[in-house]
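Please open the model in your viewer and keep the selection panel at hand. We will begin with the whole chain and then move to a few places in it.

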Amino acid sequence: MEQRTAKDDPQDELAARLRLIQELSGLGVRALARDAGLSSSSLSRYLGGQTVPPWPAVVALCRLVKRDPRPLRPLWERSSNPLPAPPKASRQVHPGPRNDLPRDAPDFTGREAGLAAVLTAVDSHRAVAVDGMAGVGKTCLAVHAAHRLAGDYPDAQLYVDLHGFTEGREPLDPDSALRMLLGALGVPSERVPQEGVEQLAACWRAELAGRRAVVVLDNAAGAGQVRPLLPGAGPSVVLITSRNRLLGLDEVPPVSLDVLSPRESAQLLARASGDPEGPEGRLAREPESAAEVLRLCGHLPLALRLAAARLRHRPGWTAGILVERLAQGASEFDTAFAMSVRQLDRAHARLFRMLGLLPGGSFDEYLAAALADVPLHSARAMLEDLVDAHLVQQPTAGRYRLHDLVHQHARRACAEQDPPAERERALGRFLDYYVHAAAAADAAMPVLSPGRPPSAGRAPAELPRFADKNAACAWLVAEYESMIAAFETADAVGADLHVCELPRFLRGYFARRCGTTHLNHLFERSLAAAERLGDPRQLAEAYSDLGFARYNAGRTADAAAAYEAAGLRVAGTGDLRAEAELAMRRGYLRWDEGGAEEPLELFGRAGTLYARADCPAGAAHAAASEAWAMLQLGDRERAARQARAVLGIAHADPAWPPALTARITLGMALAGEAPEEAAEHLHRALALAREDRHMNNEAWCLNCLGVALRQMGRYEEALASHREAFALLDELFEEHWKIRFLNGYAETCRLAGLPEEAMRLHRQALELAPGLGYRNEEALAHEGIAVLFDGTDPAAAAEHRRAGRAVLR
């Protein structure tokens, strides 16, 4: 028989390479695991080749011995997919190319030397840092270069404003920036690490390694903010801008910009003003006045464009008149800004000042209308006029932003000219808008039992309309940074009701796009705000929401404590929906904790409460969960009947959560007596989950399909389905999500004649379950191991059965 070596199996070879790393470290398994931030049992499996480690674990181990992890990436990828999985026809790992670049300046002028230096640095180092004073044209040059490079980097063109110098706003931290960039690449939230900038940065570099992307990191505060965002191996490039020289980035060559030369300044002024560059032009007829315009603008592109906009919209002005108006300013910045603002009528000037109250970032016409309390069509028209005046930028269709210097000027003008009461009212309208707009988006993409409408503030006259959940999700993605800024603003100014309610309407977004860490953080602060308010209903909901976030993070004991606190308060509020939602959440928790009949009772009680509250969607959600609990208790007939009733409820979204739960329940309930119908339901559920691009639901569907196929005796197909599910789960960074599936997969392996694999999976469940508080899965793992020991070691089998019974007492 031919001798098999590690080279024949990439998983064995990877394990051998990791053992070499351990030898280099000179540490034992426990010490090495501690220093790498891993559990010793997980590390033992990685070193023994039983389990393929997640990529961040490989990175952490390599860093401990100061070795580059990138050469191990191809081996790790081969190890992660040792067996061919069924095709994923409807699931896109990488959606179409993303282009976030702002529009290229149509009047881009000069900068030949600077552009050549940028392109040369990108070619040699795949990175460049453009620095220079405010308004000198750093962003314009970087964006122009990125557009030039886009053809050679077709996989993605990304842009993110790091807000290093945005007045009234903290710079974007690397954690948030990395999540934004990974989201822009279309990386499913389940593959995004939940904690640690280093893990996020490793994930970002791994995603870029196989792509040709150009990334613009605009307005960086310093090297520390940028370093985690740099690409690693692979062809992707990054262009950075900052007002400071980024001395800490030794590997990134700098390109420093000065003001434009007199010749370039004259060319830009002529082009931006629409003045022909010939002897008949206004500027050409008054060369001394034109030169004075350039001097008063300090040869700064931003100031020159603002001045040129006045000439373009004032055909009767001469260059001399422009000089007179500019001379009233105090500096090259204030000169241009004040002159431009003075030309605005009262309504335009008021909107411009109100925009200074925003915490930075992009916004749309709906927010502008709400902020200034004007009709939507008026806000739209005024924004376009402000764009023409170069006071507002339009990076993409329908989105607007203020240059940092312009934002600073607007903020200062608002503080000087608008009474405190008016500023306070405008800020309140800003906060009201995001709570009510987020509630509208959440209502269009329900993934949970529907909640009550917002009570914070007053709904604006116009809110965005969402045709479907995809449109709502796209809006939430575009507005997420601004909504978090609104949350921070609300917390800072003591708008506690807004702090309570805004995260509640982001739960659907987090279920699809982010993980649980940030959601826990937001709900912790919501609870603090509810305690300050002293409102029993807000306090009950805050405890319930925090418990739900804890539950999704695998912190069952903390979730139980939060639910207990919510229960003490919710009954006295008279809020039937909140009481029903709490009963649903407690039902999920009690099942995982080992409860049997109690979850069924809680789901039934939730359905009754939802019906009394006239909430049919909530009642359907409760009925679907009740059917699932019936199935788990072995009552297949009742489960199937209840699931069919839920599927009979009309709804526009076929992937509506109650219908998805009911379809999976019905498929599993019918697996024994009607295998063809069962398979049809389960495959339909899987297709819907894939179309929805929700990897958690997809993994759930695949594992349930594996269990059903095993019950049909189709073991090879069942194994393939489980393997594909765990290939998805291995991409998740929250290990606790695996606990619900390990025992089912193990049972399939046992019946398929793979007892060693079954034992490994049951033991993995035993390792995870106690720490998570999943007593039901812990008891199932003991029983599964006992079955494997039957006939070979009766004493061990009996011991595991005793342990399983003890768990559920």
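Helices (H or I, at least four residues) and strands (E, at least two) are DSSP runs that are numbered from the N terminus. With that in mind, colour the protein by secondary structure, and you will be looking at 39 helices and eight strands. The radius of gyration, which is taken over C-alpha atoms, is 30 Å for the protein, close to the 28 Å that the globule rule (2.2 Å times the number of residues to the power 0.38) gives for 809 residues, so the protein is as compact as a globular protein of that length. Before going further, note that this is a predicted model, in which local features need pLDDT of at least 70 and side-chain atom pairs count only at pLDDT 80 or more, while totals for chains, interfaces and linings use all residues. Residues are numbered from 1 along each chain as its sequence is written, and side-chain values use heavy atoms, with hydrogens and water left out.

**The whole protein**

**The open sheet**

Next, select the six strands that form an open sheet with parallel pairing, in the order S1-S3-S4-S5-S2-S6; two strands pair if DSSP finds at least two bridges between them. Strand S1 (98–99) and strand S6 (254–256) stand at the edges with a single partner strand each, so one side of each is left without a neighbour in the sheet. Now zoom in on strand S4 (residues 213–220) and strand S5 (residues 237–242), which run parallel and are joined by five bridges. In this pair, Val-214 stands opposite Val-237 in S5.

**Two loop residues**

Most residues other than glycine have a negative phi. Select His-163, in the loop between strand S3 (156–161) and helix H8 (174–184), where phi has a positive value near 55° in a residue other than glycine. Is His-163 buried or exposed? His-163 counts as buried, at 1% relative accessibility.

Finally, go to Asp-614, which lies in the loop between helix H29 (597–612) and helix H30 (616–632). Asp-614 has a positive phi of about 55° although it is not a glycine, and it counts as exposed, at 63% relative accessibility.

How values were computed:
Buried means under 20% relative accessible area, exposed over 50%, partly exposed in between (1.4 Å probe, protein chains only).
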